[in-house]
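Please look over the sequence and the model shown here before reading on.

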Amino acid sequence: MKQTSISPPRMLAPNPWVADAAPYRAGVKAPSGPGSLAQNELPSSPPAAAAAITEAAYEVNRYPDPLATRLRERLARLHSVDPDQILVGGGSDEFLFLLATAFGGPGRVMCCADPPYWGHEHPALMSGADVVKVPLREYRHDLAGMEKVDADIAFICNPHNPTGTCLSAQQIARFSANTRAPLVVIDEAYLEFTDFPEETTAIPLVAQGKIVVLRTFSKFYGLAGARVGYLIATPGLVNVLRTVRPPFSVNSLAQAAALAVLNNPDFNDEMLPRIRRNRAIAAELFGNAGYRSVPSQANFLLVQCPGAETRLVEMLLDAGIAVRPGTNLGIADTVRVTVPDDEGLALLERALTTPPGAQDHNDKRTQS
Ligand SMILES: *Cc1c(COP(=O)(O)O)cnc(C)c1O
């Protein structure tokens, strides 16, 4: 037999630490918007953003401002910092990859909680760095345990995802003073939902030079689909990350949307008390159905369901509600439920108060 001269192409092997990992698994959507409680999104979209995006769309032939200057200046005023201390990115997830590229790599050590937020572990691993995960204690960061780790960067999630527990600014200041890590990243993705944001944020500690704060427009501001976040750090660190970053990662529509929501705060100001109130009501609904939840300062609840995770996920899905199974988040026997608006709360109430079996019966009746 004649040998063919064409051999199959050799697949280039990724770095071993990439080959060992798996792609991100996003939370699922429910059939209806109000039932989509798997991704900690806001239940509705800010109208000012839609108007600003539409307007910006007429100039989409132009590259965006690489530094989002107007947005940066607006944020600098909001937080009383210098614009040089702010970097705007394509979601705060971008910063976690920039930090990993700039400071990670083989031989470097990153420290985070166990379970961690995906973005505090995965980008570090993808750079080839080692990750030391310190188990939570009573659903809270074990700061004393984390302090002892000989890490290059320590990641703190405040409030913590997926538990919703919160540290005070004093606890963070003490950690920053005691930790062996020269760089401490405080991820404040949910900070605006806390009861005392001013006493909780680490932004005033940034000037000390060791702390970096991450914020996002994806949660409180309701712009998860637009992909905008920002980082507050020293001008020196901002410069390092600017050197690493893709220059146009924040598109012009996203910049316009972010500026519009900051300039039209009514939507978020009205949403915030509803989320805080519904957080308490949702905890009560789960409590009455026999499920305890971790007291949360974020826009989600971690519901404890020993031995019943799959059953609870499926029961809620049957009722049109999608939640995040705790197993996917590294904390089995729980589900994470985004705090809904009133419509989603009604779905939740129906799901949790309908006796098992009756659900099927009701569904059949509506179909006929
Ligand atoms: C949702 C979330 C973010 C935000 O990510 P974006 O890329 O800004 O959408 C960051 N950190 C934590 C802990 C989160 O839960």
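## The chain as a whole

In the chain, 71% of the contacts with a separation of 6 or more are between residues 24 or more positions apart, where a contact means heavy atoms within 4.5 Å. This is a predicted model, in which local features need pLDDT of at least 70 and side-chain atom pairs count only at pLDDT 80 or more, while totals for chains, interfaces and linings use all residues. Residues are numbered from 1 along each chain as its sequence is written, and side-chain values use heavy atoms, with hydrogens and water left out.

The radius of gyration of the chain, taken over C-alpha atoms, is 22 Å, which agrees with the value near 21 Å that a compact globule of 368 residues would have; the globule rule is 2.2 Å times the number of residues to the power 0.38. Along the principal axes, the C-alpha atoms fill a box of roughly 75 × 60 × 55 Å.

## Surface and charge

Of the 368 residues in the chain, 52% are buried, a word used here for a relative accessible area under 20%, whereas exposed means over 50% and partly exposed lies in between (1.4 Å probe, protein chains only). The chain exposes about 18,000 Å², and carbon and sulfur atoms supply 53% of that area; accessible areas come from the Shrake-Rupley method with a 1.4 Å probe, and for residues only the protein chains shown count as cover.

There are 33 positive and 38 negative side chains, and the centres of these two sets lie 4 Å apart. Lys and Arg count as positive and Asp and Glu as negative, while His and the chain ends are not counted; the place of a charge is taken as NZ of Lys, CZ of Arg, CG of Asp or CD of Glu.

## Strands and their partners

The chain holds 14 helices and ten strands, which are DSSP runs numbered from the N terminus (helices are H or I with at least four residues, strands E with at least two). Two strands pair if DSSP finds at least two bridges between them. An open sheet is formed by three strands in the order β8-β10-β9, with antiparallel pairing, and its edge strands, β8 (300-304) and β9 (324-325), each pair on one side only. Five bridges link β8 to β10 (residues 334-338) in the antiparallel sense, and Q304 stands opposite T334 in β10.

Elsewhere, strand β1 (residues 86-89) runs antiparallel to strand β7 (residues 229-232), the two being joined by four bridges, and G89 stands opposite G229 in β7. From β1, I86 and V88 point one way and L87 and G89 the other way, yet all are buried.

A124 belongs to helix α5 (residues 118-126) and is buried, with a relative accessible area of 4%. Apart from residues up to four places away in sequence, A124 touches A100, M110, A129 and V131.

E192 sits in the loop between β5 (183-187) and α8 (197-200), and with a relative accessible area of 9% E192 is buried. Leaving aside neighbours within four places in sequence, E192 is in contact with P197, R215, T216, F220, Y221, L272 and R276.
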